[in-house]
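Take a moment with the sequence and the 3D view. Then read the points that follow.

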Amino acid sequence: MSLDGFVTGPNVSTEQPMGEGAGASVHDSMFSGKSDAEAERFERDDFVSGSRLTLQRPTR
Amino acid sequence: MGRVTSEISMSLDGFITGPNEGVGNGMGDDGERLHDWMFDAKTDTDAAIVDEKYASTGAVLIGKRMFDMGFEPWGDPPPFGMPVFIVTHEQREPLPMQGGTTYNFVTDGIATALELARAAAGDKNVGIWGGANIMRQHLKAGLLDEMQIHLIPVLLGGGVRLFEDLDPEGIELRRTSSIETPGATHLRFEVVK
């Protein structure tokens, strides 16, 4: 869940299951085969910061 | 120069008051539970966090609605002990209270209010202590250096939302500390500029 209480970004659809904006970028980083460095950065910036959190565990 | 820091208690479902808040019910129904960590549930760690907040702050900036709701319950001396700046549309003479608190009313916007508060705070921080609207305005305008959120493990189901309708464009937060006590998770975020 994000700090402002959302589990997705706005405008969730089947094409954008995590919604737009931060939600969508979280989805991208986690599920569409980004490099290890990017995945690491994601974990550091987003999980560790507590400023974002997501619906699912990363599958990588 | 000091920093501009906001500080507020928020329920897990995102509210800083319970439902039906208003003058005479400033924290809303059940909203006082958000402050248990400062009173009934207070540990030494919680006490140290409150002490640090007062020691580091030289002036406080609040919204008019918070002032209207707080004025009576805060009483005299009010729980500030330093200059307080209130952003309002109503022109009013400064109101000195006991114990070092003076209420100053600023009618030309948050930027001016912040400038006056900074001058009054000297080397110390300006504390934006509520409510939600004034915090959002400072965050959105890039005027906040740091946000402190005391995340309280209660669900209030209604009330004033801290992040109501806030467009997140251009706002990035980096968590700098997290301290857990039975009554709260004390989160500190740097506003990335």
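**A covered strand**

Strand 3 of chain B is covered on both faces: B:Pro83, B:Phe85 and B:Val87 are buried on one side, and B:Val84 and B:Ile86 on the other. A residue is buried if 20 or more other C-beta atoms, placed from the backbone, lie within 10 Å of its own; it is exposed if 12 or fewer do, and partly exposed in between. Strands (E, at least two residues) and helices (H or I, at least four) are DSSP runs, numbered from the N terminus.

This is a predicted model: local features need pLDDT of at least 70, side-chain atom pairs count only at pLDDT 80 or more, and totals for chains, interfaces and linings use all residues. Residues are numbered from 1 along each chain as its sequence is written, while chains are lettered from A and ligands numbered from 1 in the order in which they are written.

**Neighbours of strand 3**

- Strand 2 (residues 57-63) of chain B runs parallel to strand 3, joined by 4 bridges; strands pair if DSSP finds at least two bridges between them.
- B:Leu61 has B:Phe85 of strand 3 as its bridge partner.
- Strand 5 (residues 102-106) of chain B is also parallel to strand 3, with 5 bridges.
- There, B:Val87 has B:Val106 as its bridge partner.

**The whole chain**

- Chain B has 4 helices and 9 strands.
- Their order from the N terminus is β-α-β-α-β-β-β-α-β-α-β-β-β.
- Of the 193 residues of chain B, 39% count as buried.
- The C-alpha atoms of chain B fill a box of roughly 40 × 40 × 35 Å along the principal axes.
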